[in-house]
Amino acid sequence: MSRTQRSDNGTDQRLVPLIGLVAVCAGIVAILSILDFSADAPTSVAQLATVTALVSMITISATVKAPIRIGSTTQAITWNETAIVIGVAVAPTSWMVLCTGLGLIIVVRLLRLPLIKAVFTISKNMLLAAAAGTTLTLLGWAWPPTELHHMVVSLPAAYVVLVLLDEAIAIPVIAIASRTRILRQFTTNWDLRLVGYAVRFAVTVLTLVLLRAETWLLVAVPPLALSLHLAYSTRVRARAERQAWQRLAHTTDALNVVDLDAVLHTAVAQAANLFSADEVEVELEDVGRTVRGNSETVTYDGSPDEASTVSGTVIPIELKGYDNTAIGLLRLRFHGPVKLSEREQYTLRTFGSALCTAVRNATAYAELNRVAEEHAHAARHDALTGLANRRHLLDRGAEQLGRRRTEGVTALLLIDLNHFKEVNDTLGHAAGDRVLTRVAERLRAAVHADDLVARLGGDEFAVLFHALPAPAVAAHRAETLLGALHEPIDLDGMRISVEASGGIAIAPNSGGMTELLRRADVAMYQAKRAGRRIATYAPTRDTADLGRLALGGDLPRAVAEQEFTVNFQPIVDLGSGEVVAAEALARWRHPARGTIDPLRFLETVERSGLLPAFAEAVLDQSLLAVRTWREAGFDLPVAVNVSPRSLLDARFPGSVLARLRAHDLPPDRLVLELTETLTLSQLEVVDQVLGQLRDAGIRLALDDFGTGYSSLSVLSRIPVHELKIDRGFVTAMETSAEATAVIRSTVDLGRSLDLVVVAEGVESEPQRRALWELGCTAGQGHLFARPMAAARLLSALQQGAEGRPGTLAPALHDSGAVVRLSPGRRSGPRRPERLPHLPA
């Protein structure tokens, strides 16, 4: 079997020495054959007929072939070795060498092969003829053979020598031309090559046997050879097709990455391998970027202005996806002429579609990451000063407290500006904002590199001291910081003196950042009341702890006598005013202290060991309300806040499901809202509990979204269905572009992740309309209703707004009205449904 190989200018330079060596050896063989032929030239008509037959046989065997193109490499299955072995078996070796050369000269002229390919084909086959003939001569072969061992030993030996020499010469040339390893080229399709050699040897032996017995029987050889040739060619083509599809599957799998650079670089290398291209070029029109390279490396990555250095055949294809919109071009470049087969053209279209999808996915992921990073930064930093906000402070503090045993003392300084309201009232809020900005700059410049400065809101700042050598150092650092604030600030030629009070607290052994912040706040107000610049927290002067201890003592009685009640705040469709859900809010009806807010007793409940009983009491009342509303015709789900400590209890999912069964309610009528830092900082611990809850059909919501836990990594770990926008952003949206941007990005993020979004703290009609315009279609707040008892909420639902049962507010637009939406609203989220699809 001979092979023809596409060559190019770069490849020719490497092939010239090897092909030149083959040509020189063939030239020597030709000279020796001419000398031998001149001494034993054919003289009779029969001998001349034999020479003519030999030339014709070589010409026909080299012309009749089955080309198989893999990438840019073409392999042609021919019968040259069969013709050569038959020739050297019936005629002198010198005759066959020269007849082989003459016959192939005729072939290359007819096919107009390139010079380098013609020289290689003629030279190689002349060497094969000389090797096979020499082997037969050394083994004492003569035609017709008189002894059996000549057919059994000599002829197979000559054929094996020819095959081995053919492989040794052709394989390195093909490997260099196709830029593959020689060993890999040897092992590729070795089984099919071996079968092909065996088939052609069988035809050779059969032909010689028939020629020796009865010449007329040779008429059966051509049909037999043709049948074997077609069968073998079909099998080789099928193998090549299968390998091509396997390479395509591997290539498209390699594009499944979300980094755009990796997608483009992988596409260049994989396409170069898949189509054996000298260069692959990917041009993205929207971003004005072009990436070029080959199977080994990326040679260019930049603007499309720089032209490629590879000249020759260019095969382009548009990068189109399912919507038939092109995003760029993929170009295959070849030094020489190349025409893709029908299968390769389909492969190229398939690869182009896969690349288009990969580019779009990577671009969307990058944009989502960018939005998430902006969102995360806005959620963790103060918009005015750029300092850390309260959530960031709590996070950093919790992290430091976890390492305090090895990194020293953690302390917190809380700073409040004195008489700041007078600045706002006298000079205006713009001047007040400038004062706050200057204060932030001074604090940031005065602290150590590892300390964290935060603005907690209004004129209140905090500094978290890191790794102090001793508690007393905190007071010294605090004096330095407050001293830096006392330098006057220039405002449009007016010098304003800033005075501040500070409270210092050293991290307690228990209670975490919440307790540390509370103690610093107690110390700051002690400083204000005493007229001092700084005060350090002292437990003996903290009356709050005494009150908390008193509440802790009353907890067992409160649980036993069912003093904990639940009020419900409705969640409303912002467009229609329809109630779509309700949030359960626990209250403690204390017989002596009156109604106590959860912020005052929840931490005490968690520490008391009565959390499971408290949680069951709240859950029971909430589910009982859902059952009551449902029987009255209002199938509303209820959202219940979950303590982080409940998620650390493996028995919690079973307890929740038992409550649902007891009230005969489906799991999707319950939404568990995840709050506090523990839920997120101990993901590994709570993963199993959250997974069990979600698998059971219970919906999960992430509360206070936008205040520090909006990263994609958290959303990918917590199997939530909803996001609740923190009320602080809703309150600030009318005056803060940053707050509006956070809300918009949260809505977009929820839509892209198929999560529903609810806004908290909706207090006015302008807020309601602005949220609806931004794409947030559900909210809760005092505009619609304050928290109320279950029975009162049922009564309100039955009465409805404007005589529409189930609503608490008039619709923003009349039924059937045509609404002109802003561009950002046209692809907004779907209208909120009742659970299992809570308001989006």
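The model is predicted: local features need pLDDT of at least 70 and side-chain atom pairs count only at pLDDT 80 or more, while totals for chains, interfaces and linings use all residues. Residues are numbered from 1 along each chain as its sequence is written, and side-chain values use heavy atoms, with hydrogens and water left out.

Of its 840 residues, 50% are buried (under 20% relative accessible area, 1.4 Å probe, protein chains only).

Next, select β9, β10, β8, β13 and β14. In that order these five strands form an open sheet with mixed pairing; two strands pair if DSSP finds at least two bridges between them. The edges are β9 (452–457) and β14 (534–536), each pairing on one side only. Neighbouring strands of the sheet are turned by 20 degrees against each other on average, direction ignored.

Now show β8 (409–418) with β10 (460–468): they pair in the antiparallel sense over seven bridges. Pick D416; its bridge partner in β10 is E460.

Angles run from 0 to 180 degrees between N-to-C directions, with axes fitted to C-alpha atoms, for helices over the stretch in contact (heavy atoms within 4.5 Å). Finish with helix α16 (472–485), packed on the sheet and touching β8, β10, β13 (499–506) and β14. The direction of α16 makes about 140 degrees with that of β10.

Terms used. Helices (H or I, at least four residues) and strands (E, at least two) are DSSP runs, numbered from the N terminus.
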